[in-house]
Amino acid sequence: NPEKTFLGRIIDEAAPEDKTLSGVELLAEPEKAFRTRFAIANLAEQTLDLQYYLWKGDLAGGLLMWAALEAADRGVRVRFLIDDIYHSGRDNVYALLDAHANFEVRIFNPMANRGAGRYIDYVMNRKHLNHRMHNKIFLADNAVAVLGGRNIGNDYFGVDTKANFFDLDVLTVGQGAREAGDAFDEYWNSKYSVPIKTLHKKKISEKELREARKRLDGFLENMDAMPYPLSIDSEDTIASLIEWRDQLSWVEAHVVVDPLERFEGQGTSAIVDFSRQHISEINEQFLAESAYLIPSEEGLASMKEMADRGVRVRLLTNSLQSNNHISAHSGYLKYRKDILKTGAELYELRADAALREHFEANDKNHEVPAGIHTKSFVLDENQALIGSFNFDPRSRDLNSEIGLVINDADFAQEVIAVMEEEFHPQNSYQLFLDENGKLRWEGQDENGYSVIYKRDPEAPWWRRPLARFLSWMPIEKDL
């Protein structure tokens with residue numbers, strides 16, 4: 001019942017009479033994406049629901065976890081659902097959080113062996129354990145939700161001093177938030193969500209609790225290390241909330257989420273199904289960004305079908321140098337020529353993209369390498385999907401994914417404006433085939449002059465042969 005909470009009441013004051021509409025705001029800048037999550041966690045009154053694939057224990061992750069524990073101290077019921085794949089050795093941390101009366105932790109699709117035999121367990125039960133929960137939801141009081149591509153960690157919020165990601169999230173209230181709550185409940189209540197107390201039976205001592213609390217408080221003490229200001233003052237937060245509320249766009253939007261049958265090898269991708277239903281309706285443009293791009297035969301056929309009837313198809317993914325998973329790049333590189341032959345335009349993000357100004361990673365504002373982590377697309381300049389789905393076999397066939405579909409031309413134009421910047425020659429290379437059918441990259445130097453590359457630009461020599469070697473391995477269906 002979000003209308004019974006402070007957040008719900010504030011939003012209802014400005015909401016239209018049509019309760020089927022959703023208020024939405026695009027969260028493109030890393031600062032805005034972090035501060036939004038931090039603020040709504042600090043304003044939650046009844047529930048805080050967190051569902052993530054990856055949550056790091058660095059400064060950004062620690063501050064958001066501090067905010068979640070602080071909410072539990074206020075009596076908020078906190079539910080934390082985390083996928084198990086990247087969290088080896090963290091059971092004790094989760095058990096410490098779970099020891100709080102108002103904080104419950106569940107691990108999604110966990111490996112039975114929690115120790116040294118963990119990866120043997122994975123290999124022996126690979127058919128089941130290879131299916132992972134990639135959903136991302138940050139939801140307060142069933143009133144305000146954030147969905148999108150970002151996991152929780154420094155590099156997703158422009159804080160890392162070594163590398164950072166461009167990404168997109170969307171904040172939603174009203175119908176969109178309620179549907180996000182339904183999606184969370186479905187996964188939380190499934191048989192694949194195992195309470196941490198079932199996996200980690202060690203009794204937590206009072207001393208361990210005090211030390212854990214002290215570690216989390218340490219993140220708050222280091223809050224000034226964040227490259228943008230944060231406030232825990234409720235009056236400041238409420239004033240910002242009211243200003244933000246009055247700028248929301250109220251539109252038709254709905255959540256698309258994969259069925260739990262995916263974890264039994266059943267059911268098709270909800271986002272693939274959505275795309276199939278709408279591709280034939282596209283008349284002018286299909287614009288997409290995907291961190292990892294490994295198209296299916298059906299995907300290639302769809303690109304060609306659209307291009308043949310005059311639809312402009314533009315795709316942006318990582319370059320060899322900006323890709324944080326060289327294995328994913330090995331699967332992609334085999335399809336670059338095929339993508340171009342469909343008539344689609346293909347771009348790769350530059351690790352030295354000019355847009356790195358978003359990444360104020362430290363007091364000296366040093367620029368750090370960029371990567372793209374966005375998973376979004378726009379159909380015909382009037383419909384956008386912001387979510388967790390990559391155009392690769394893992395998202396199509398193995399992982400569960402979620403996204404918010406926004407049916408509104410003005411919102412779609414906002415997404416396009418962000419993407420257009422990233423497609424600019426100062427931020428990405430455009431790939432093409434020369435007169436001999438050879439793959440080439442076109443970029444722009446610091447003076448604005450066009451530069452043509454004959455091999456993956458800026459990548460160190462060892463990355464090229466390693467990516468090529470991995471492309472020969474029979475691993476594509478797992479990428």
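Me: What is the bridge partner of Leu48 in strand E5?
Reply: Ala140. E5 covers residues 137-140. This is a predicted model, in which local features need pLDDT of at least 70 and side-chain atom pairs count only at pLDDT 80 or more, while totals for chains, interfaces and linings use all residues. Residues are numbered from 1 along each chain as its sequence is written, and side-chain values use heavy atoms, with hydrogens and water left out.

Me: What makes E2 and E5 a strand pair?
Reply: Two strands pair if DSSP finds at least two bridges between them. E2 and E5 have four bridges, so they pair. They run antiparallel. Strands themselves are DSSP runs of E with at least two residues, helices are runs of H or I with at least four, and both are numbered from the N terminus.

Me: Which way does E2 run relative to E3, parallel or antiparallel?
Reply: Parallel, with six bridges joining E2 to E3 (residues 77-83). Thr47 stands opposite Arg77 in E3.

Me: Why is the unit of E2, helix H3 and E3 called right-handed?
Reply: Look with the strands pointing away from you. A crossover is right-handed if the path from the first strand over the helix to the second then runs clockwise. E2, H3 (residues 59-73) and E3 make a β-α-β unit of that hand.

Me: Why is E2 called largely enclosed?
Reply: Five of its six residues (47-52) are buried, so the rest of the structure largely encloses E2. Buried means under 20% relative accessible area, exposed means over 50%, and partly exposed lies in between (1.4 Å probe, protein chains only).

Me: How many residues of E15 are buried?
Reply: Five of five, in a strand that spans residues 375-379. Lys375, Phe377 and Leu379 point one way, Ser376 and Val378 the other. In a regular strand the side chains alternate between the two faces of the sheet.

Me: Which residues stand opposite Val378?
Reply: Leu287 stands opposite Val378. Five antiparallel bridges join E11 (residues 285-290) to E15. Four antiparallel bridges join E15 to E16 (residues 383-387).

Me: What is the phi of Asp380?
Reply: Positive, at about 55°, although Asp380 is not a glycine. Asp380 sits in the turn of the hairpin formed by E15 and E16, which has three residues between the strands.

Me: Where is Asn109, and what is its phi?
Reply: Asn109 is in the loop between strand E4 (103-108) and helix H5 (118-124). Its phi is positive, about 50°, although Asn109 is not a glycine. With a relative accessible area of 2%, Asn109 is buried.

Me: What makes Asn399 and Arg132 a polar contact?
Reply: The Asn399 side chain reaches the backbone nitrogen of Arg132 at 3.2 Å. The limit for a pair of N or O atoms is 3.5 Å, and within protein one atom must be able to donate a hydrogen and the other to accept it; residues adjacent in sequence count only if both atoms are side-chain atoms. Asn399 lies in the loop between H15 (393-398) and E17 (402-407). Asn399 is buried, at 2% relative accessible area.

Me: How do you know that Lys191 and Glu264 form a salt bridge?
Reply: A salt bridge needs a side-chain nitrogen of Lys or Arg within 4 Å of a carboxyl oxygen of Asp or Glu. Lys191 and Glu264 have N to O at 3.3 Å, so they qualify. Both residues lie in loops, so the pair ties together parts 73 residues apart in sequence. Lys191 is exposed at 64%, and Glu264 is partly exposed at 44%.

Me: Which residues does the salt bridge network join?
Reply: Asp84, Asp91, Arg114 and Arg118, through salt bridges that share partners.
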